[in-house]
Structure formats: C-alpha cells, structure tokens
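Colleague: Before we discuss the contacts, please show me the sequence and the model side by side.

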Amino acid sequence: MGGRDIYRCNDNSRLFSGVSRMIFMTNRIKRTLVLFGTLVLVCFFPGLSLADNCLGCHSGWEDDERAPSALFPTDIHAQAGLGCSDCHGGNPELDDMDDVRAGKGYRGVPKPKEIPAFCATCHSDPNYMIKHNPPLATDQFDKYKTSVHGKQLLGKGDIKAANCVSCHSVHDIASPQLPASTVYALNIPGTCAKCHSDAAYMAGYGIPTDQYDDYAKSVHGHALLDKKDIGAPACNDCHGNHGATPPGVTSISAVCGMCHTLISEEFSKSPHKKAFDEMGYPECEGCHSNHLVLEPQLFWVGTSDSSLCVNCHSADDGTIALATAEKMHSSLQELYDAYDRAEEKTDEGDVKGMMVTDQRFALKEVSQAIIKTRTIIHSFDAEAVAKTTAPGMQAAEKVYEASVAKIDEYYFRRYGLGIATLIITFLAVMLFLKIKSVEK
Amino acid sequence: MTRLYSWVDERLKINTLVDYMSKKVVPSHSQSIWYFFGGMTLFFFIVQVMTGILLLLYYRPGADSAYESVKFIVSEVTFGWLIRSIHSWSANLMILAAFIHMFSVFFTHAYRRPREMTWVSGVLLLGLSMAFGFSGYLLPWNELSFFATRVGTGMAGALPVVGDFLMEVMRGGENVTGATIGRFFGFHVAVLPGLFTVFIALHLFFIQRQGMSEPLEWAINNQAPKKYMPFFPNFLLRELLIWLILLNILAVLAVFFPDGIGPVHWPLGAKADPFAPPPAVIRPEWYFMFAFQMLKLLPAHILFIEGELFGIIILSIAGLAWLVAPFLVARKPEGTKSHKMIVFGWAVVTFIVVMTILGYFLE
C-alpha cells in the first residue's frame, strides 16, 4: 500500500476490511455518508462551502481529535468562508481524492520550508486580503524573511526554525484577539517557550533556554502572566513578531524606550549615554538585565556592596559617580521613608475607624513622586533627583500630619465622651436623688 | 419671680393650666414601664429636629453636591461626624421606640375606646417616621442609598393604574436622579416635619385630654387597689432621667460606632454612580426589611396577579386593619380582652421578626 493510497476513500479492496468494508461497501453508501457529513458541517459551520467534499471524506477516516478535519471548522479561515481547497488547491467538488489531487492548482501539504510562501499567497496579496480582513498588514512574509527564523529556514534550510504554523498553529488558527489563539497576548510567552525553553530542541544554536523562566519572574511577566494585564509586554513587543530579531547592543535602549519614553530621554541626556556607547555596553540591560527585569530596588543605587553603581565605579575612578549615587540614594530613601511613615499613620487612623479617604488619596501623590523620581534617576543628576523628591516629601508630610490629627481626634472623641458621661451620670444621680426625695 | 409669674398669668391665664397639670396623674402598676416609650420616641424626635437643623447648615441637595457636602460634614465640620452619627442613631432608635410603644399599646389594649383617635394618630406617626427614614436614606447620595432607593421606588411602580405615575412623582422622572434628591430632601425637611408636627400635637393633645390608659384589670375588678403618681413632678422627673440616659447611650453609640453597626449602618462609602453595577447586596433599612423580604419570597405570579402586586395588596390590607384596630373591637364590653386581636398582634410581630431575620440571613 503506497503512501498516497491512504487518501483513497473508494478503494475498498485494499484499504478497508471487516466492519470498515461493510460500512464503505458501495459508492451509494459512501455518497450518502459524504452528503450527510457535508450537511452536518454546512448546518453547523455555515461558512463552509456547500460543494466542499474535503471534510466529508476526511472526517470519515480521521479519528484523531487533532486531525485537520476535526480542527478546521473552528479555524478563522473556515469562519471567513474559506475551505480546504482555498489553501491546498484541488477541486473540492470531486468525490475521488485522486481526481482532486489531479485537478488544477492542487498544492497538497506544504513542506516546512514552503509554509511561509504558502501562507503568503494570500497574506501578502493586498488585493485579496482587503476583501477578508482589510486592517491586517500584508508584509508578514517580507518581515519574516528578515527575521532570524526566516533566515534560518529560508536561507539555511533549517526546518527546526519557526515558520507560520509553529506560532499560529494550523487548521485551528484563531484571531490573535481571542484568548484561544496561540498568539493571544497572554499565550505568546508560552508559544515562544515551546521551542525556546526546550534545551534539546535548541541545542546547537548557542542561545540560552531560560528566557521564559526569567521573563516569568520579571515585572513584565508578573504583569502579563499573573495579573493578566495584556498591556504588559510579551516576547514580541521587544523582539518583533514576524520580523523576530534580538535587539542588539545599540538598539536595546530604543526598544525599551518604546514604552519607557521618559526614562529613555533622561538616560540619553545623562553622562552614561556617551560612556556606554564608547564602551559598547548595552544601555538598559546593563543594570536591568534583559528577560529578568526585576522590580527596581532602592539598594541598586548607592555605594553599598550590593548596589549596581559599584560594579563599574570606584571611589578613586576620578569621577563624582559614587558621590552622586550616594546623594540619589539618600533622596530616594528619604522619600520612601516619608511615604512609609505617612502610610503607617493613615493605616492607624483607618484601624481606629476614622475617615482617612482623603489621606489615602493624597498618598497617591507621594507614589507618583516616587515613580517620577525613579524616572529622573536615569539622568544620574543628584540635584534633579532631589528636586523631584521635594513635592513628594511635602505631600507625605501633609498626609502624616492629617493622619496624626485624625488619630488625635479619635482620642479627643473618647475623652470628650468620658467627660460627657461623667456630667450626664452626675445629673442622672442628682435626678434620681430628687425623685427619691419627692416620693418620700 | 412671683411678680413675673403674676405678669404672665394676668395676660395668659396660665394658672388654669398649671392647676390642671398639677392634678394630672399617671396610673402606677406593674406595666407602667410601657408608658415611658412614648416619651422616649418624643425625645428621639426632638434630637432628630435639632441635629437635622444643624446638618441643614452644611447639607447641599443635588447630584453634584449631596455626597460632597455629607463628606465635608463628617470629615471637615467640627463635630459634624457627631451630629450626623447622632442623627442616624437617633432615627433608628426613634423607629424602634415607636414600634415598642405601638405594640405595648396594642397588647395592653390601651387603644380601646375612647382612645381610637390617639391610636390612629400614633400609627400615622409611625408611618411618617418610616417615611422620614426612607426619604433621608437617599440624601447622602452614596452607592448603597442610590440603589436601595431605586429598588424601593420601583416597588411603587408595581401598583396597577397609578404605579408608574406614583413612581415618577417620587423619582421626579423615570429614574433616580438629582431630581429625586430634590424631592426627597423637600419631603424630609419640609413636608414630613410639617405633617409630623400636626399629628404629634394631636397625639399629645389626645393623651392630655384622656390621660394615660389604665390596665384592663382595673376596669374588670373595681375593688382592685388603684395607685397613681402625680405627673408633676414624679413622672416627669423619671422621664427626664430616662432621657438623660438615652442621651448618654446616643453619645456612646455615636463615638464608638459612628457609621452604625451590623445591619444598622450608614457608611458613606462611594458616591452614587448610576452607570456602575449595583452592589451585591441591596437592602433597605431594617424596619422595611420584613416587607422587602416578603415581596422577594413571593412567586412571580399568584393566581392571576403579579406576586409583587399581591404582596403589596396584602401588606396594605394588613396595614389598614392595624390602623382601624380600635374600631374592630369597639363593641366589646368595657374591660374585656379581645383574644382575636391578641392573636392578630402576635401574628404581626412573628411575621415582622421572622421576615426580618430571613432578610438578613438569606442574603
């Protein structure tokens, strides 16, 4: 039995035996089943063509739930009214698979290297795509060719490199806006990790396989994967998607700067910019790492052994770097302390049942000052940092004082109640004695 | 002092009044404790008027100002928190005292002839008190009050023929909006106080003319020893003592639980947002809970009418029967107990208690 023979539905003598042979005994039964299958598909998936026999046959002998015929009805292409032949070619109106494959335009199953061009037949054709999905770009294939994946696959013939279906899946492709899609924002890290976290698969490429683990621990991963914040960056936001390329040393600040605009501006104005460029250091990554972007810590700035500044600077390096670092650390430390102090008092007032909604709201102003200061730190200008913390310090002090006033009022109320109770009790006793005296 | 008294007496003839009051007595027996609940209700009403006037100094009705002004009162105005808290506590205690007063009158048969008018005016006063509570609940314009008022006024819409009209009159439109605050505020500070003053004056006038009701046993058994105490100063001093204690209780509650406690609470919370989803639990004040719960438990349709309408009709009939209770036993000989009314009374108490408990437990 040749490999191509398994596609035959009507070759009873060679393909089926026993019960199968009984079921597919005659062409009449076969046609009835095909018609029934087609009707079912048409009824439940109206996007499919009435004259498409592909699924009718394929669903008859594909019992794997991951088989194309089982998956396809949920595919975005099926929902758009496309059938198997729109990608694979052939005449879907014919019953016999040999006839189908002999038909004009039959393309069959593409090899991995052929897949990008296979998809690009439609997806790179603006005239075609405008009829189905006008806002969708049509430059994916061009970008793919410039990507590392594209270069590996198309240039070096490395079929392990990702092609379209590696990320988008096949036959059950969903819109990227849908959570079911493999390229939905929340699913992208997992999709990339399928290959990039597989040490055996990635062997020989000379790149690490711990990106996903690092990303999951990062602020970005925490926001996306734990908090389900789809605005947080996934792999493609930094690396691109169809043109997936690792940002190089020179472009990393531009990539981070897409979102962290102000920080990028501050860094570009700082003395570090020139120094990093001259020494060929990656800008943001130098302190923040790449995938493992952790929540910035106060001790990163300063002169302690654990600070990042001392990795490059020393007291006798002829710069004011460490003195600046120490000043910036102090400024930020003071602001953090002021915030904690104000928040502690606000919490105390809250626990005592006092109304501290205004204080809570004002604390946000202090939080904003902290965020702003953490941005300005990238200017590495101690004066600018101190200037930025000043409004936050004042706001924190106001919150503290207001919270203290609330707590004082809490005690004032109780002391006042005590005194009032004493007076009322005295009056009550006097009245009681008066009643006794009257009734005597 | 004597000259001043003579001066006033010469013009107003108060000697007659003083003479009348000096002879006023109060029956003294084992059930005398119930006489004080009317005075307690009056005390809480006086507190309501005084604290209400103080709140009026800062309260600004309107969708854009009501919530902000209440927040200002409780957070910025000196002793504003105390005034609002006492106003809220006193409102709840006033209704509680009125309920106890009413049931004590009912179960001691004090509503019987010739005190029918006193009873009717008292029941109407309780109705007005509840209307005070309903209209005052919306005034802070916070999330809970907004949705509770929407549900409460929506129930009026279930009435046939006049339902929609009545609901629109209450709301000042199709929905609960700033116009509703204006109406509720007007009712709360003008219409209801005016009506309340009239009825409380009548109620007190009837009591003064008829005196306190004596126990049934005294009418049955003429030989039973009858004890009385002078209203002035004995009863009045006792009443003043209770009022002082109540004042202290109000102060303690206001200081320790400024936003209420348990099912009796009024936290300011978030400002009303008509476009926000309603809170998980919408419930009325505790004294409306029995009616609210009953309407909730009724099926969608009973016989040929809507369940909600059926409930409102039943509540209305029961309320009317309660109002005219003295006339239902008018033909009973003097001094005889009406066992049917006692059963009716306990049925009402049981219904209110069970429905209220269910209302809080089935949330």
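Predicted model: local features only at pLDDT ≥ 70, side-chain atom pairs only at ≥ 80, totals over all residues.

Colleague: How does A:Asp358 class by relative accessible area?

Modeller: The scale calls a residue buried under 20% relative accessible area, exposed over 50% and partly exposed in between, with a 1.4 Å probe and protein chains only. A:Asp358 has a value of 34%. The class of A:Asp358 is therefore partly exposed.

Colleague: What kind of model is this, and which conventions apply?

Modeller: Residues are numbered from 1 along each chain as its sequence is written, while chains are lettered from A and ligands numbered from 1 in the order in which they are written.

Colleague: What area is buried between chain A and chain B?

Modeller: The contact, meaning heavy atoms within 4.5 Å, takes 20 residues from chain A and 21 residues from chain B. Buried area is the accessible area (1.4 Å probe) that two parts lose on being put together, summed over both. Carbon and sulfur atoms give 70% of the total, which is about 1900 Å².

Colleague: Which element gives the most residues to the side of chain A that touches chain B?

Modeller: The count between the two chains is two salt bridges. The elements that give two or more residues to this side of chain A are α24 (357–376) and α25 (382–439). The element that gives the most, with 17 residues, is α25(A).

Colleague: What is the angle between the ring planes of B:Phe103 and B:Trp322?

Modeller: Rings of Phe, Tyr and Trp (its six-membered ring) pair if their centres lie within 6.5 Å, and planes under 30 degrees apart count as stacked, over 60 as edge-to-face and the rest as tilted. By this rule there are 36 aromatic pairs over all chains. B:Phe103 and B:Trp322 form a tilted pair, 5.4 Å centre to centre, with an angle of 55 degrees.

Colleague: Which helices hold B:Phe103 and B:Trp322?

Modeller: Both B:Phe103 and B:Trp322 are buried, and they belong to one aromatic cluster that also includes B:Phe99 and B:Trp346. The pair links parts of the chain that are 219 residues apart. B:Phe103 and B:Trp322 lie, respectively, in chain B helices α5 (residues 80–107) and α13 (residues 307–323).

Colleague: Is A:Glu283 buried or exposed?

Modeller: The side chains of A:Glu283 and A:Lys273 meet in a salt bridge (2.7 Å, N to O). A:Glu283 is in helix α22 (residues 283–288) and A:Lys273 in helix α21 (residues 271–279), both of chain A. A:Lys273 is partly exposed at 24% relative accessible area. A:Glu283 has 5% relative accessibility and therefore counts as buried.

How values were computed: Heavy atoms only, no water. Salt bridge = Lys/Arg side-chain N within 4 Å of Asp/Glu carboxyl O. Helix = DSSP H or I, 4+ residues; strand = E, 2+ residues; numbered from the N terminus.
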